[in-house]
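Open the model in your viewer and keep the selection tool at hand. We will go from stop to stop, selecting a few residues each time.

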Amino acid sequence: MSLAALVAASTFIGCKPKKMGHIAVDSDAAQQVYVAPGQYDEYYNFVSGGFSGQVSVYGLPSGRLLKVIPVFSQNGENGYGYDENTKPMLNTSFGFVPWDDSHHTQLSETDAMYDGRWLFINANNTPRIARIDLKTFRTAEIIELPNTGGNHASPFITCNTEYLVAGTRFSVPADYEDGDVPIDKYKEKFRGHISYIKVDQKTGGLSLDFQLSLPPFNYDLSHSGKNASADWSFFTCYNTEEAHSLLEVNASQNDKDYILAVNWKKAAEHARKGDFTIEKAKYAHNVFDESTLQAKSEILDQVKVIDTKKFNDFLYLIPCPKSPHGVDVDPTGEYIVGNGKLSANLPVFSFSKIMKAIEQKQFEGKVDGINVIKYEAALHGEVQSPGLGSLHTEFDAEGNAYTSFFISSEIVKWNLKSLKIEDRIPTYYSVGHLSVLGADTKKPYGKYMVAYNKITKDCFLPTGPELCQAAQLYDISGGKMKLILEFPLIGEPHYASAIAASQVKPNVLLFTKLEDNHNPYKIKSAQEARVERHGKRVDVYIAAIRSRLVPDNIEGINVGDEVYLHVTNIEQEWDIPHGFAVKGANNAELLVMPGETCTLKWIPNRAGIIPYYCTDFCSALHQEMQGYFRVSPAGKSTPIKFTIDDKLPSQFNATKPTTQSGAAKTGHNRK
Ligand code: K7E
Ligand code: CUA
């Protein structure tokens, strides 16, 4: 099909799906996805939030939403990014950036298998990578990436979590250069940078080890190898025309773009040997400390850059038809699939052939000093006319591949060796990523596949012009793909990573022990609650316990004071959070977990009586968790006064639930 016809088809099918009506679902489908009350799902599924900037956690096979983990966007629900503890997490070299567009989840791996420690995700817009700790399901760290515009080919992991790999989708002038250049100087002034972010094997700590400076293509997606190809990372490049305007047409001229293959071990050796320039840069590194429950942000100022015009014995270009999107490596590490968005056939490359081609110097030329391997020399074969608009490919453990086709709105199953098509199934509608659970390990679970669809249309009850997006769950354990469930999603999920619950659940933190809380503003008991004035700054130490906020009446605060409300939840029991809300607060409420301390900054802007209360229904006397601030006009010296009932239970008595029994311990028929 010609490009024009493809684009026309995409306009017709992609944006206006025919009302297909959903296919019949087997009567046993409900049985397959039903998780009875009190039973747990078999998998945690971490789904990127796209324009929500967050990660949502679903149970599979039920499709139940378990949690939204705030990562790149502020979350008024629990104060993430608003409270003093987590605000520094959203600091960047541009200042405070409280939102982003998150695309690709990656689970930490040991020997190409998930190890259940961390989840990583990229921020596409203001280039960042986050690490989420799977003990707490909290964002533990965010690192910004310099020299990058559109951090899309990110954060793809190497098979022992040595590195996270991140490529720039938009090439830009290097940060240290004067970027104030005419945009038509694109070819001379713009470069594409790829970052190698080192992961500390013990702590998970992230550091930008080095970057590669490359031709100004668009680096779209990546995956790293396994087994024999473990030292390699692969990237798709589009816009190898190096166009800078009307990309829809101008970046679709070349018959073939490239897959870039980088031997990252060799690149790291160059970095160790000093084959780099130190460039000035500015990027934030933010870490949340679980012991103080506070985040710190620092701005770093330099980066090692390897110029691939000078050092290029570790990277090669492989021609790949036409504007490839995903590049996916099969569980053996031998097959590399390039998903050409505008290509009629689906090329599959062979890692051993690539190695042979390099050895025998089967090159067709050089681009910017980088050898280009001959297409045929690297090719295992092409899947003939599998569908239209291929985006992503995933794998099962039996040597089958599953490719998503956006334009023809379907998933096609084919055999990696024979390249024969085995099955195809429609999606509703226009699938983007798909995920065969465990497909990026050397042993996929192979039981389920999920399609993440871009267009929902008539899947659910209409909710006005703005609709949620939909996931579809397929049983792939038989020879044929079978649709068994459809469920709504948050934001625009791109990629997702699922892991067996048994690998995560035993390590999950249920609550913080008060003695492990080293927050400087923590109090250990209600008796320590107090109000301290230091000039214009007022520190209020509040204890939350069923069913009181202590102190409960606070006077002596003035309009314009900087009031820091340090709320410690002194409960020591799972699932007894307390909320904290102040009338007129311009930031958020707090949701404070047992044993933890959270600080909300409040600058009262009018005189009067301002109530505060607990927002989480925590006991039968939850409504009684309330108090008043008396705010006096600026300059008036109302003495500080607050009430603490001295008959309050001590910390230890307080740990006994006063009204409700601990549901967590007595839960119904838990496994
Ligand atoms: Cu295909 Cu951002 Cu991975 Cu969306 S990307 S679909
Ligand atoms: Cu504490 Cu409601």
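How many bridges join strand β32 to strand β33? Select residues 469-475 for strand β32 and residues 482-489 for strand β33: seven bridges join them, and the two run antiparallel. Helices and strands on this tour are DSSP runs, numbered from the N terminus (helices are H or I with at least four residues, strands are E with at least two). Two strands count as paired if DSSP finds at least two bridges between them. Show Gln 472 next, and opposite Gln 472 you will find Glu 486 in β33. Follow the chain from β32 into β33 and you pass through a hairpin of six residues.

Before moving on, a word on the model: it is predicted, local features need pLDDT of at least 70, side-chain atom pairs count only at pLDDT 80 or more, and totals for chains, interfaces and linings use all residues. Residues are numbered from 1 along each chain as its sequence is written, chains are lettered from A and ligands numbered from 1 in the order in which they are written, and side-chain values use heavy atoms, with hydrogens and water left out.

Now display β26 to β29 as a cartoon. These four strands form an open sheet in the order β26-β27-β28-β29, with antiparallel pairing. β26 (390-395) and β29 (421-426) stand at the edges with a single partner strand each, so one side of each has no neighbour in the sheet. From one strand to the next, the twist averages 20 degrees. Axes here are lines fitted to C-alpha atoms, for helices over the stretch in contact, and angles run from 0 to 180 degrees between N-to-C directions. Zoom in on β28 (residues 410-415), which is joined to β29 by five bridges. Pick Glu 410, and its bridge partner in β29 is Pro 426.

The other sheet has the order β20-β21-β22-β25, and it too is an open, antiparallel arrangement of four strands. Its edge strands, β20 (324-329) and β25 (379-383), each pair on one side only. Select β22 (residues 346-350) with β25 to see an antiparallel pair with four bridges. Val 348 stands opposite Gly 381 in β25.

**Stop four: salt bridges**

Over the whole structure, a search finds 24 salt bridges, each a side-chain nitrogen of Lys or Arg within 4 Å of a carboxyl oxygen of Asp or Glu. Begin with Arg 64 and Asp 41, whose closest N and O atoms are 3.2 Å apart. Arg 64 belongs to strand β3 (residues 64-69) and Asp 41 to the loop between α2 (29-33) and β1 (43-48), so the pair ties together parts 23 residues apart in sequence. Is Asp 41 buried or exposed? Asp 41 is buried, at a relative accessible area of 11%, while Arg 64 is partly exposed at 34%. Buried means under 20% relative accessible area, exposed over 50%, and partly exposed in between (1.4 Å probe, protein chains only).

Next, select Lys 447 and Glu 42, which meet in a salt bridge at 2.9 Å, N to O. This pair links distant parts of the chain, 405 residues apart: Lys 447 is in the loop between β30 and β31 (448-453), and Glu 42 in the loop between α2 and β1.

**Last stop: around β44**

Finish with strand β44 (residues 626-632), which pairs in the parallel sense with strand β38 (residues 553-558) over four bridges. Ile 557 stands opposite Val 631 in β44. Strand β43 (residues 608-613) also pairs with β44, in the antiparallel sense and over six bridges. Pick Ile 610 to find its bridge partner in β44, Phe 629.
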